[in-house]
Structure formats: structure tokens, C-alpha cells
Amino acid sequence: MKNVFFAAAALVLSLTSLRAQTTAEPVTVSPSITLTGKTVGMSRDVTTTWQAPWGSFNKEATSRRCLAITMSTVARAPQKAKVQVLFLFRNQGSKDLEIESTDAKEATAENGKPAILTVDVITEDTYDKYIALGAQAKTGQRYVGWAARAIDANGNIVGTCGSTTAYAKYAYEAR
């Protein structure tokens, strides 16, 4: 009977000391941030610089995409993070993927009140075709997709998303 009493007293003492420690030093919990995004608009403007009746031409195109990135949280306290969008391109004629990042934008999400950011990307390319010479050339950048990431105050990536699941990995790779 004495052993049970001492065990119960030791448990009460350890719980009391644990409560004293947790109130003295608040525990830092990583924010629970979720990023989602979608393309909300796109346009393409093609200008023909010159064109011949036998099929040769020179065309210049400007493409624009508008993205909406939503940062939400289920935490009780508002969560602040910097949201950065990375655009994935390929130069015409190249298979190498290039990544261009936007400036990080500050965002604050609260439970039930997500932060919504919009980002635009503009690409330009040309397409030259010379039928008589049997030559054609494409220059400029070809849009491939995008990835987004949320970065906390310590520089840690706390949320990612991408235009496809495969592109979300670039949010971790690019610095």
C-alpha cells in the first residue's frame, strides 16, 4: 500500500513540474499552412510582322497567365509567411528547364480567412518560317508550369503547391 501511495505522489509531483515548465517556456509549434493555386486567366496575342503568299512568315507572340495562390491555415493564431511563385520555362529549342522566381509577398492567413494572392507572368517568343529556304526558327521562352512555396520567418518552407504535382518539387529545389 505504501508503494502505491508513493507512486501516486511521484506522479502528481512530475505532472506539477511538467505544468510549471510548459507555462514558463511556450512550445513553438510549426504553422499548419496549406497552399493551393490555380490559373485564373490567360491570353495570347500574336502579331504577324510579315507574311508571304507562299507561306513564309515572321510572328511574335506575347502570352500572359494570371495565377491565384491561396494560403490557408487551421491554426487558431494568425499565420504569417512569405509566398513566392516560381515559373518554369524552356527556351525554344532547348530541353533544359529554367526557373524564374517572383519577389516573395507577405501574407497572413487566419482560421477561416485565407490570404489570396494574384501573380502575373508574361512570356514572349518569335516564330520565323522561310519556306523557300526550308528553314524555320523559334526563339523565346515556352511556359511549362509553376510552383509556389510559403516561407516562414526562419526561412523554412512550410507549404508548397504546383500547377501539377510533379512541379511542386521545384519549390524545394530552387533557392
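1. Two rings of Phe, Tyr or Trp (for Trp, the six-membered ring) count as a pair if their centres lie within 6.5 Å. By that definition this predicted model holds three aromatic pairs.

2. One of these pairs is Phe57 with Tyr127, whose ring centres are 5.2 Å apart. Their planes stand at 70 degrees, and planes over 60 degrees apart count as edge-to-face, so this pair is edge-to-face. Phe57 belongs to strand β2 and Tyr127 to strand β6, so the contact ties together parts 70 residues apart in sequence. Phe57 is buried, at 10% relative accessible area, whereas Tyr127 is partly exposed, at 24%.

3. Another pair is Tyr167 with Tyr170: the ring centres are 6.3 Å apart and the planes are at 40 degrees, so the pair is tilted. Tyr170 counts as buried, at 16% relative accessibility.

4. The largest nonpolar core has 21 residues, and the members that touch the most others are Leu35, Met71, Val85, Phe87 and Trp146. Two or more residues each come from β1, β2, β3, β5, β6 and β7. Strand β3 gives the largest share, five residues. As background, nonpolar side chains tend to be buried together in soluble globular proteins.

5. There is also a nonpolar patch on the surface, formed by Trp50, Tyr130 and Leu133, with about 320 Å² of accessible area together. Leu133 sits in the loop between β6 and β7. Its relative accessibility is 70%, so Leu133 counts as exposed.

6. The disulfide count is zero. Cys66 is buried, with a relative accessible area of 14%, and Cys161 is buried as well, at 10%.

Technical notes. Residues numbered from 1 in each chain as written. Predicted model: local features only at pLDDT ≥ 70, side-chain atom pairs only at ≥ 80, totals over all residues. Heavy atoms only, no water. Core = buried A, V, L, I, M, F, W, Y, C linked by side-chain atoms within 4.5 Å. Buried < 20%, exposed > 50% of the residue type's maximum accessible area, 1.4 Å probe, protein only. Helix = DSSP H or I, 4+ residues; strand = E, 2+ residues; numbered from the N terminus. Patch = residues over 30% accessible without salt bridge, like charges linked within 9 Å, V, L, I, M, F, W, Y side chains within 5 Å. Areas by Shrake-Rupley, 256 points an atom, 1.4 Å probe, with all protein chains shown as cover. Salt bridge = Lys/Arg side-chain N within 4 Å of Asp/Glu carboxyl O. Disulfide = S-S within 2.5 Å. Phe/Tyr/Trp six-rings, centres within 6.5 Å; stacked < 30°, edge-to-face > 60°.
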